[in-house]
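Me: I would like to learn how to read a few features of a protein model. Could we start with charge on the surface?

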Amino acid sequence: MALYEHVFLARQDISQQQVDALVEQYKGIIETNGGSVGRIESWGLRALTYRINKNRKAYYSLLNITAPAAAVAELERQQRINEDVLRFMTIRVDEHEEGQSAMLARRDDRRDRDDNKFGGRDDDRPRRPRRPRDEAGEGAE
């Protein structure tokens, strides 16, 4: 059986629980047609580059699929019918990636950088000595 990565975008006005229900529905379609779903990643609600059917945001989901071509064709047919799915893309791959996808790894890197954004400074950065202030609140000249 072939290996696929399948990403789909769901409308912004449905809830995360409804997106999870869609993922389970599509997982069932793959399994009934003789395939299996390995990793499922939810990338959350993200802004779109351009509007799609009057939507500016969408829920992104990734499925790693091991299935025959007929199962993937049925999955895509069901997604074309469903109004909650804005776009989808299926790519055949030689092997599935281990660990997190690039999207989740990038989001974790951004969180690490933003931890220091407002509150602190890097400890290895040299600091300027502060000038003493006079009673008027201005620095000494």
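Reply: A patch is made of residues with over 30% relative accessible area and no salt bridge, like charges being joined within 9 Å and nonpolar side chains (Val, Leu, Ile, Met, Phe, Trp, Tyr) within 5 Å. Lys and Arg count as positive, Asp and Glu as negative, while His and the chain ends are not counted. Here, D94, E95, E97 and E98 gather in a patch of negative charge on the surface. This is a predicted model, where local features need pLDDT of at least 70, side-chain atom pairs count only at pLDDT 80 or more, and totals for chains, interfaces and linings use all residues. Residues are numbered from 1 along each chain as its sequence is written, and side-chain values use heavy atoms, without hydrogens and water.

Me: What is a salt bridge, and how many does the structure hold?

Reply: A salt bridge is a side-chain nitrogen of Lys or Arg within 4 Å of a carboxyl oxygen of Asp or Glu. The structure holds 4. In one of them, R11 pairs with D13, with the closest N and O atoms 3.1 Å apart. R11 also meets D84 at 2.7 Å, N to O. Shared partners join R11, D13 and D84 into one network.

Me: Is D13 buried or exposed?

Reply: Buried means under 20% relative accessible area, exposed over 50%, and partly exposed in between (1.4 Å probe, protein chains only). D13 is exposed because its relative accessibility is 53%. R11, at 24%, is partly exposed. In another salt bridge, R39 and E41 have their closest N and O atoms 3.3 Å apart, and both residues are buried.

How values were computed:
Accessible areas come from the Shrake-Rupley method with a 1.4 Å probe; for residues, only the protein chains shown count as cover. The place of a charge is taken as NZ of Lys, CZ of Arg, CG of Asp or CD of Glu.
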